[in-house]
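Hi,

Here is the structure I said I would pass on. Have a look at it first, and then read my notes below.

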Amino acid sequence: MLTRRLALGAGLAALAAPILPARAAAPFRGGQTAGWYRFRLGAFECTVLSDGALDLGAPHPTFGGSLVTAEQVAAALRDANLPTDRLPAQINCLAVNTGRQVVLLDAGIGASPAFGPGAGRMAETLAAAGIQPAEVDLVAFTHAHGDHSWGIVDGAGRDVFPNARFAMTGADLDFWTAEANLALPEPLRTLVSVTRDVVLPRRARFATLAPDGEVAPGIRAVASPGHTGGHVCFHVESEGQRLLVMGDVANHHVLALANPAWPFGFDADPAQAAATRRRVLDMARTDRVQVLGYHFPFPGLGHIEARGQGFGFTPSPWQWG
Ligand SMILES: [Zn+2]
């Protein structure tokens, strides 16, 4: 006999029946695709090329040093709904096709495992973006640190950009390849040693970039010392549209902006770096110029605004076509 209770049960069972027929589940595939983002800047075609992300480990003392406590850094990250136990740093390189030349601004870290397996994706990103490495005419570097310069060679030490010339400030070129600096403590010694291996075999292809010099028509360096002695930003301008490629002036879209005075562990001269950070961010805010943060969330494009005692970052809307 069909009782009301049984009828109700049968109805629930029908509701619980799977919508899709049973079959073998698809395996989880893992991995991640290479990221690139293309946009027009006046007559230039620009492409942000992701080299993946660095794993910088614990957020403190890398950010804040002895100026603040680990809890203050964790609180700032928690307020922004970011993880408090690790510090991923994206790597956003920029290719600028001026119509006459392809200029790459920073080249990623290459095959070095120094900052985890998430980095070193430039080769697949270039392929995905349809840019032939042989098309790159010039690679200009904001500074010599490995996550910006080592990407010009592959894991076997071969050229990634066979036709490219290179441009770096004399201060960085000299400091990070000086034999005498192999006597520096770690991690500086390793940075110098690997940079020597990367740069010196191709030294004749390196031009010395003046801290305010022209890289190519429409692209000029902007002196911004502190992170390294010869650090520069790049100002890119075409038909009145402008972009400020900030390099490592500010290394986190929340921590470095909200607290520009906080030292960053890899800054060569923390006081000078902090003063430069405030000056460059203030200039970007005042001029309302779009910026590219090398280690900001991909693709790293946005605007700087005043927020509290420091600054905030608003990502640019995605541009289609
Ligand atoms: Zn960096």
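**What I found**

Of the 321 residues in the protein, 47% are buried. Keep in mind that this is a predicted model. The protein has nine helices and 14 strands, and its C-alpha trace spans about 95 × 45 × 45 Å along the principal axes. If you take the contacts with a separation of 6 or more, 67% of them are between residues 24 or more positions apart.

**The zinc site**

Which residues hold the zinc ion? The protein donors are D147 (OD), H148 (NE2), D248 (OD) and H295 (NE2), and they lie 2.1 to 2.2 Å from the ion. Along the chain, these donors follow the spacing D-H-x99-D-x46-H.

As for the geometry, the angles among the four donor atoms run from 87 to 161°, and the site comes out as irregular.

**Helix α4 and what it packs on**

Next, have a look at helix α4 (residues 122-129), where M122, T125, L126 and A129 are buried. Seen down the helix axis, the buried residues of α4 fall within an arc of 100°, so they line one face. They pack against β1 (36-41), β2 and β3 (88-97). On the other side of α4 you will find A123 and A127, both exposed. Just after the helix, G130 takes a positive phi of about 75°.

**Two threonines**

T47 belongs to strand β2 (residues 44-55). T47 counts as buried because its relative accessibility is 2%. Its side chain makes a polar contact of 3.0 Å with the side chain of R38. Leaving out residues up to four places away in sequence, T47 touches W36, Y37, R38, C93, L94, A95, A129 and I131. A129, one of those partners, is also one of the buried residues of α4.

T62 is in helix α2 (residues 59-62). At 15% relative accessibility, T62 counts as buried too. Here the side chain reaches a backbone atom, the oxygen of A58, at 3.5 Å. Neighbours within four places in sequence aside, T62 is in contact with L56, L87, P263, F264 and G265.

**Cysteines**

How many disulfides are there? The count comes to zero, taking a disulfide as a pair of cysteine sulfur atoms within 2.5 Å. Take C46: the closest cysteine sulfur to its own is in C93, 14 Å away, and that is too far for a bond. For C233 the closest cysteine sulfur is again in C93, this time at 15 Å, which is also too far for a bond. C46 is buried, at 0% relative accessibility, and C233 is likewise buried, with a relative accessible area of 0%.

If you want a place to start, I would go to the zinc ion and its donors D147, H148, D248 and H295, then move on to α4 and the strands its buried residues pack against.

Cheers

Terms used. Residues are numbered from 1 along each chain as its sequence is written. This is a predicted model: local features need pLDDT of at least 70, side-chain atom pairs count only at pLDDT 80 or more; totals for chains, interfaces and linings use all residues. Side-chain values use heavy atoms; hydrogens and water are left out. Helices (H or I, at least four residues) and strands (E, at least two) are DSSP runs, numbered from the N terminus. Buried means under 20% relative accessible area, exposed over 50%, partly exposed in between (1.4 Å probe, protein chains only). A polar contact is a pair of N or O atoms within 3.5 Å; within protein, one must be able to donate a hydrogen and the other to accept it, and residues adjacent in sequence count only if both atoms are side-chain atoms. Contact means heavy atoms within 4.5 Å. Donors are N, O and S atoms within 2.8 Å of the metal (3.2 Å for Na, K and Ca); water is not among the atoms, so sites may look incomplete. Four donors count as tetrahedral if all angles lie between 85 and 135 degrees; four count as square planar and six as octahedral if opposite donors are over 155 degrees apart and all others between 65 and 115; anything else is irregular. The arc is that of the directions from the helix axis to the C-beta atoms.
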